[in-house]
Amino acid sequence: MKIILIGPVYPYKGGIAHYTSLLCRALRKRHEVFMISYKMQYPRLLFKKEQKDYNNKSFQVEDTRYWIHTANPFNLVFTADKIKKLHPDAVIVQWWHPYFAPCYWILARLLRKIPLIFTCHNVFPHERFPLDRFLTKLVLKRADGYIVQSHLDEQDLLTIKADANYVVTPHPTYNAFKMKNIGKEKARQLIRLKSDAPMLLFFGFIREYKGLKYLLDAVLQIKKRVPDIMLWIVGDFGEDKEQYLEQIEKNNIIDNVCLVEGYVPDQEVEKYFAASDLVVLPYVSATQSGIVQIAYGFEKPVVVTDVGGLPDVVRHRETGYIVPSRNAHEIANAVVSFYGEDKGIDWQGNIRKQSAEFSWETMVERIEGLLGNL
């Protein structure tokens with residue numbers, strides 16, 4: 001098939017850009033894919049941080065057309081005309097935030113004779129705001145098919161379009177961050193951590209809905225039973241950094257926490273995951289998470305909370321632990337149990353066995369099946 005794929009790719013930063021790049025590569029193994037990205041993604045007024053990273057080209061997609069200016073209707077008319085001239089069999093668009101609703105609504109109307117699929121990274125945004133449901137419904141109702149990656153997103157989608165034509169398929173694993181294939185010992189040398197120190201990893205943008213405060217309270221309990229425990233917090237803080245620093249000091253866990261603040265370039269991701277024993281996602285809300293699949297790419301078990309789609313991709317006590325959200329005590333129990341039972345090697349094998357379920361080939365097959373039903 002001839003497929004138009006729309007979304008962020010290199011040099012744009014972040015998980016959606018990584019996902020779109022890997023999806024494009026997977027689709028290109030079996031189809032003719034035209035990758036279309038943005039000449040302008042977010043205006044500076046709304047997104048003040050740097051949106052691009054030119055330092056690492058490992059996720060670069062060849063022949064990307066940077067056509068779309070998300071805030072310029074005239075540009076969208078010209079873009080739609082160029083897409084129509086390619087005579088595609090389908091258009092697949094990445095959806096994750098209602099900011100894009102006006103842009104995609106215009107494109108959907110102009111391309112209404114071409115089958116349109118939305119890949120929903122989340123149907124509704126993580127941080128809700130007035131009109132988000134209206135904007136989401138406005139644009140998603142115009143699609144012919146949907147890819148959702150959690151049962152929560154499936155439920156949310158059906159509240160918008162009860163007769164939606166969709167497939168549910170898990171978020172694929174990110175093996176692409178394993179760039180140098182370094183082992184745990186080498187990774188720990190790089191981050192200057194003792195080879196025998198127990199290490200937890202919290203990775204990614206730090207937002208309130210990710211529940212870091214519960215993990216910090218858990219570390220206070222964990223250190224009583226695993227005294228040399230180390231929690232590495234690697235990611236970009238929002239405006240609430242001070243409250244976390246105060247909590248670390250109040251809990252007297254300064255010596256048990258290492259902060260690596262700021263955006264982590266793609267080539268630097270590997271050493272933190274390779275060095276870790278266990279990746280922790282103490283989220284209070286979620287749809288699905290690429291962090292779990294980055295961890296799986298390094299065969300690292302996880303601790304996740306029972307929110308959104310996180311339990312969909314974790315086998316309790318086989319590839320990780322599923323614990324109640326907002327519960328520092330249960331997070332602590334899971335971590336202590338992990339070190340006490342020494343299940344790391346067994347669980348790595350379980351993660352490998354589960355890898356086919358989370359492969360990009362499986363994602364492509366699900367997309368093909370969805371397109372075949374349109």
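The questions below concern a sheet and some helices of a predicted model.

Residues are numbered from 1 along each chain as its sequence is written, and side-chain values use heavy atoms, with hydrogens and water left out. In this predicted model local features need pLDDT of at least 70 and side-chain atom pairs count only at pLDDT 80 or more, while totals for chains, interfaces and linings use all residues.

Q: Which strands are the edge strands of the open sheet of 7 strands?
A: Strands are DSSP runs of E of at least two residues, helices are runs of H or I of at least four, and both are numbered from the N terminus; two strands pair if DSSP finds at least two bridges between them. The order is β3-β2-β1-β4-β5-β6-β7, with parallel pairing. The strands that pair on one side only are β3 (65-69) and β7.

Q: Which residue in β4 does I3 stand opposite?
A: β1 and β4 pair in the parallel sense over 4 bridges. Opposite I3 stands, in β4, A90.

Q: Which residues of α13 are buried?
A: Helix α13 covers residues 360-372, and what covers its buried residues includes β1 (2-6), α1 (15-28) and β4 (90-95). With buried meaning under 20% relative accessible area (1.4 Å probe, protein chains only), the residues are W360, T362, M363, V364, I367, E368, L370 and L371.

Q: At what angle do helix α6 and helix α9 pack?
A: Two packed helices are described by the angle between their axes and the distance between the axes. Axes are lines fitted to C-alpha atoms, for helices over the stretch in contact, and angles run from 0 to 180 degrees between N-to-C directions, contact meaning heavy atoms within 4.5 Å. For α6 (residues 184-191) and α9 (residues 266-275), the axes are 8 Å apart and the angle is about 115°.

How values were computed: The expected span of a helix is 1.5 Å times one less than its number of residues. Buried means under 20% relative accessible area, exposed over 50%, partly exposed in between (1.4 Å probe, protein chains only).
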